[in-house]
Amino acid sequence: MPFRFARRLACLFSLAVAATSPAAAPAPGQVLVRLETSEGPITVAVETKKAPITAANFLRYVDSKRFDDTSFYRAARAKNGSGNGLIQGGINRRITRAFIPIAHEPTSQTGLRHVDGTLSMARNAPGTAMGEFFITIGPAPTLDAKPGYVGYAAFGHVVSGMNVVRKILAKPTYPGGYTETTKGQSIIDPPRIITARRVR
């Protein structure tokens, strides 16, 4: 067998093994969830120990398959051209898919922070979070709790698929918006969340 062909065959075998290998085991106090999207897979680690209320809520939506056939519908890009921002997805106010709102778990309580790849809950007022979440691209310390500001409830982070997250952030958006702060953030062709499942 020619050396070049043998080397190519070995490379293909390694790729096949990698593709079928199980995901890395989660750290203690974490549960892995794989989001199959129309742009590719995103795997997140959910912090069940550090943010038990928020994590349990997210996993309830996962286990009941209420994230299936939803979408990432919002891409909020930083205006400074840094390439940072966030993408938001989930049930998109579809009340028939919603469970009751949950208590707010601020970062001052959980010890988590909004850094690159953080998984956090979208909400209106504190205590209204249901089935919408977002993923940060780049650090977002303004979303963390501080005196006089409760911030947002971080409850996990991306372990693989940040390339997919950035691809979604770059999607074309409509010029308008629901509010002044969301102007230009609604994705024209929202990437689908096909399924959301725990990684066994």
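Modeller: The protein exposes about 10900 Å², by the Shrake-Rupley method with a 1.4 Å probe. Carbon and sulfur atoms supply 59% of that area. This is a predicted model in which local features need pLDDT of at least 70 and side-chain atom pairs count only at pLDDT 80 or more, whereas totals for chains, interfaces and linings use all residues. Residues are numbered from 1 along each chain as its sequence is written, and side-chain values use heavy atoms, leaving out hydrogens and water.

Biologist: What percentage of the 200 residues of the protein count as buried?

Modeller: Buried means under 20% relative accessible area with a 1.4 Å probe, protein chains only. By that criterion, the share of the 200 residues is 44%.

Biologist: In which order do the strands of the closed barrel run?

Modeller: Helices (H or I, at least four residues) and strands (E, at least two) are DSSP runs, numbered from the N terminus. The protein has four helices and eight strands. Two strands pair if DSSP finds at least two bridges between them. With antiparallel pairing, the eight strands of the barrel follow the order S1-S2-S7-S5-S6-S4-S3-S8.

Biologist: Which residue in S8 is the bridge partner of Ser71?

Modeller: Strand S3 covers residues 70–77 and strand S8 residues 192–198. These strands pair in the antiparallel sense over two bridges. The partner of Ser71 in S8 is Arg192.

Conventions:
Buried < 20%, exposed > 50% of the residue type's maximum accessible area, 1.4 Å probe, protein only.
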